Amino acid sequence: MSQHRADIAAGRLSKAEYADNFADLHPALDDHQALVEADRCYFCDGAPCTTACPTGIDIPMFIRQISTGNPKGAAATILRDNIMGGMCARVCPTETLCEEVCVRNDAEDKPVKIGQLQRFATDTLFAAGKQIFEKGADTGKRVAVVGGGPAGLACAHALARQGHAVTVFEVRDKLGGLNEYGIAAYKTVDNFAQHEVDYILGVGGIAVEFGKRLGADVTLGQLRSDYDAVFLGLGLGAVNALTLKGEEMAGVLDAVDYIADLRQAKDLSTLPVGRRIVVIGGGMTAIDIAVQTKRLGAEDVTLVYRRGKEFMKASAYEQELAQISGVKIKYSAKPVRLLGEGGHVRAVEFEYTQALAKSLPRTGSGGERFTLEADMVFKAIGQKFVAGPVTGGNDVLELEGERIAVNDDRRTSLPDVWAGGDCIAGGQDLTVSGVEDGKVAAVAIDTYLRGGAEKRE
Amino acid sequence: MADIRSNFLGIKSPNPFWLASAPPTDKEYNVVRAFRAGWGGVVWKTLGEDPPIVNINGPRYGAIYGGDRRLLGFNNVELITDRPLDVNLREIKQVKRDWPDRAVVVSLMVPCEEQAWKKILPLVEDTGADGIELNFGCPHGMSERGMGSAVGQVPEYVEMVARWCKQHSRMPLIIKLTPNITDIRFPARASKQGGADAVSLINTIKSIMSVDLDKMTPAPDTDGKGSHGGFCGPAVKPIALHMVAEIVRDAETRGYPVSAIGGITTWRDAAEFLALGAGNVQVCTAAMTYGFRIVEDMIEGLKNWMDEKGYGRLDDFIGLANPNFVEWQDLNLNYVAKARINQDLCIKCGRCYVACEDTSHQAISNAKDGRRHFEIIDAECVGCNLCVCVCPVENCITMEPMTSGVDPRTGLPITKDYANWTTHPNNPNRVAAE
Ligand SMILES: Cc1cc2nc3c(=O)[nH]c(=O)nc-3n(C[C@H](O)[C@H](O)[C@H](O)COP(=O)(O)OP(=O)(O)OC[C@H]3O[C@@H](n4cnc5c(N)ncnc54)[C@H](O)[C@@H]3O)c2cc1C
Ligand SMILES: Cc1cc2nc3c(=O)[nH]c(=O)nc-3n(C[C@H](O)[C@H](O)[C@H](O)COP(=O)(O)O)c2cc1C
Ligand code: SF4
Ligand code: SF4
Ligand code: SF4
């Protein structure tokens, strides 16, 4: 055996430290704070924030409803446009959506805290345990929804409200998709994802088949013959590989898998984490794994991104969050070699990239190399759609790039199949855009079903 | 630096800022704190006959708020002082002795009988106080007993009591008027007729502050019931400004001294009342909201503004705005203004647009080249100023007078000639223009 031993251990912190590190990132506003913040909204006409919201929430109206002491009305305004308004309030990168265009930026460089107010309104409604939606009158039509993530659930809910009987096929044993398995723990504390799922199912008329995988337990062909319409919200099932030698070594991990374990851990002190962590990638997943391993007690966490700061998919705000959490970010460097010992990764060698070398901050010139020691290396360089289940059989969907091609109605190349969320081409890969896709598709499906058009000749 | 020493009816004070008769002036303790803070004078909380009145033992105030819980006004159901007469008189005497350079005026309210006034006046005179103010304004509690606004609403009573007081006392006499009346000029004329030296106004306005929708009671609430109270604070300032200006310009009371009260919160508010012709000002709600220290800025702010404008003394600008207060029929119908949006300041909230579009004249466009952009359509703009009122950014929209050319809305040429309704062709009672 070599003298190198990977330092990977559970229980690096005290109970209090775990609790502190994984507490609510933005504690909820109390009544007073919400009123003060709501007063800042100008009730804009043709509000730019609403235009910027992928689900088009009537933001000035819901904020006004908060300020008049009608938070439940505010929640209804939100949920009518976005059934996951509660989760979106917590996870939307508002700094690049609604809050980025708030007119208060022009006047004071300080937008109205739309996300926080949205959370205040929806929390108030959920705390009151009030169901505001009901199933529509039975249409006799049946729709299969595959995937119980944001896209699938938004679609299922909207269809149930129209009176269609919905069955959700979900391979996992919980609904919510990445809300449950992917979103950073401190963004959605206290099991919020499942509470939200319960609220959504509370409309009635939605059956769920857990443990059913499209492509294995059911096929697209079967669903098309058993149901009047199909919606696919499959998400992204695989991750991109580094394509480096040694990628199969112990300690080289998929960030999304580790995050899923973290999200499902009953006790964070049982989750082993390395002392030195290297994260490769530049998106939300890279930031999330870096921050969360740091908060689990890793000593050194370095995130390495192959291009400059301004190209990073994670927003400036997310990058700052990583930095204030103690994560070191290195820009403009790509991994060239994984070094290991005894089948376990030991270090990663990087090379500064040339073409994009002028982006800041830079510490070396193109071609120069450096090595980072690591007990764990996380791959977070993007996820991939697994097309097998929709291209394997007789019922083949057209793809665009590597994802499902859809039109504006989120209709696929098959007339009775719609799709939305991360699995379609041209999306934003955000919870909120998944919800919008599900909503738009549901309207189209409803029109299609009511049109009574014969499915297939 | 400007000299803001004030002389009102011969009562001298280092500045024109007095505290109005109210809780801030109910005791020696409060008044001394006020004088230390810099207030020029006080009108002592209204004294009555012994035995003292009683107040309720629960909420006396209800409030109305603007954004961020900024107090726009409140009302109260408090009565006059509830302390024995001799205690008040002793304290007044002490305070006047300790603070000879400050104005100490005593507010009074006793029944409408000559004997009652004859009895109390010498007691007050003995304190060395600078003058008296008769509370003919209190709209609640006392009015049901035939005092306060019950007197102020009947000009004949005002005149009668003023006469008694002038007869039985040598002190300068101010009559405090109630705004709960249709035409404020009548009690003001009566006050002058009766020989009073000045009027002060406004006292509070009868009001219900709000309704508690859980308990179904008007606020403020005493054991499940609410009564009407007197409304005051920034929200009443426009009403007070108008009433003061009316008295100042009335032919029968022109030049009659007025002490202005009602919503005065800043030096600017005070300057506005003085500009309309008030001789000094009195403050209550602002002090009760922020404490006595606000007078520092009132003093400094007024002086700085006077310096900037080149006014050396208060008399240099008192009344300057009053001649510009005219009847509607005297307004120049040939004056044409159009709104202008400063694009550098505009934050594109769209409020001007929706206000004009939904409720007025469809004179603002909201897009240009497919982008949010707000501009005035001169051919539709009537110059009403609504957009200026609703724009959240100060000075972003301004009203610019047209000085030449043709008004694109009416097609009429812009003329420098003054012409008002009295000569307008649409006026059936027009007089021939000269
Ligand atoms: C680590 C991480 C952090 C993120 N953080 C944020 C954030 O902070 N804010 C934000 O807006 N977005 C964030 N995102 C993105 C966001 O989570 C996704 O865009 C969103 O969840 C997409 O919704 P979806 O319904 O398309 O897919 P998913 O949420 O992935 O749901 C797909 C569902 O389908 C099921 N499924 C998949 N294949 C099959 C099959 N063959 N048969 C049956 N069921 C199947 C899955 O089990 C899952 O339940 C993050 C993503 C990741 C990975
Ligand atoms: C610009 C304007 C014009 C008004 N014109 C009239 C009018 O012609 N006739 C009338 O009875 N009230 C008129 N009002 C008074 C309103 O009807 C209403 O009584 C008043 O504004 C108080 O209500 P509010 O403050 O709740 O809006 C007018 C109000 C405004 C602001
Ligand atoms: S842009 Fe800002 S101020 Fe305007 S409606 Fe939206 S949140 Fe309110
Ligand atoms: S001044 Fe009146 S009419 Fe003109 S643009 Fe403004 S709101 Fe419209
Ligand atoms: S109200 Fe003022 S800031 Fe808003 S769009 Fe109009 S001009 Fe611009």
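Visitor: Where in chain B is the place of Ile202(B)?

Guide: Ile202(B) sits in the loop between strand E10 (198-201) and strand E11 (205-207) of chain B. Keep in mind that this is a predicted model.

Visitor: What is the peptide bond from Leu201(B) to Ile202(B) like, and what is its omega?

Guide: That bond is cis, with omega near 10°.

Visitor: Which peptide bond is cis with omega near -10°?

Guide: The one from Asp50(B) to Pro51(B). Pro51(B) belongs to the loop between strand E4 (41-47) and strand E5 (61-65) of chain B.

Visitor: What is said of the phi of Met216(B)?

Guide: The phi of Met216(B) is positive, about 60°, although Met216(B) is not a glycine. Look for Met216(B) in the loop between strand E12 (210-212) and strand E13 (217-219) of chain B.

Visitor: How is chain B divided into domains?

Guide: The domain assignment gives domain 1 (6-324) and domain 2 (328-423). The C-alpha centres of these two domains of chain B lie 40 Å apart.

Visitor: And which domains does chain A have?

Guide: Domain 1 covers 31-127, domain 2 covers 142-237 + 385-449, and domain 3 covers 239-379. In chain A, the C-alpha centres of domain 2 and domain 3 lie 31 Å apart.

Visitor: How many residues of domain 2 of chain A are in contact with domain 3 of chain A?

Guide: 15 residues of domain 2 of chain A are in contact with 14 residues of domain 3 of chain A. Together the two domains bury about 1100 Å², with 45% of that on carbon and sulfur atoms. On the domain 2 side, Tyr181(A), Tyr186(A) and Lys187(A) lose the most area to domain 3 of chain A, together 45% of what that side buries.

Visitor: Why is the meeting of Glu318(A) and Lys187(A) called a salt bridge?

Guide: The cut-off is 4 Å, from a side-chain nitrogen of Lys or Arg to a carboxyl oxygen of Asp or Glu. The side chains of Glu318(A) and Lys187(A) meet at 3.4 Å, N to O. That is within 4 Å, so the pair counts as a salt bridge. The count between domain 2 of chain A and domain 3 of chain A is one salt bridge.

Visitor: Which helix gives the most to the domain 2 side?

Guide: Helix H11 (residues 178-181) of chain A, with four residues on the side that touches domain 3 of chain A. By class, that side of domain 2 of chain A has eight nonpolar, three polar and four charged residues.

Visitor: What gives the size of an interface?

Guide: Often the accessible area lost when the parts come together. For chain A and chain B, the buried area is about 920 Å², 56% of it on carbon and sulfur atoms. The contact takes twelve residues from chain A and 13 residues from chain B.

Visitor: What makes the shell around ligand 3 ten nonpolar residues?

Guide: The residues there are Cys41(A), Tyr42(A), Cys44(A), Ala47(A), Cys49(A), Pro60(A), Cys102(A), Val103(A), Val112(A) and Ile114(A). Cys, Tyr, Ala, Pro, Val and Ile count as nonpolar. The shell therefore divides into ten nonpolar, no polar and no charged.

Conventions:
Residues are numbered from 1 along each chain as its sequence is written. Chains are lettered from A and ligands numbered from 1 in the order in which they are written. This is a predicted model: local features need pLDDT of at least 70, side-chain atom pairs count only at pLDDT 80 or more; totals for chains, interfaces and linings use all residues. Side-chain values use heavy atoms; hydrogens and water are left out. A residue is near a molecule or strand if one of its heavy atoms lies within 4 Å of it. Domain bounds come from an automatic or database domain assignment. Contact means heavy atoms within 4.5 Å. Buried area is the accessible area (1.4 Å probe) that two parts lose on being put together, summed over both. Helices (H or I, at least four residues) and strands (E, at least two) are DSSP runs, numbered from the N terminus.
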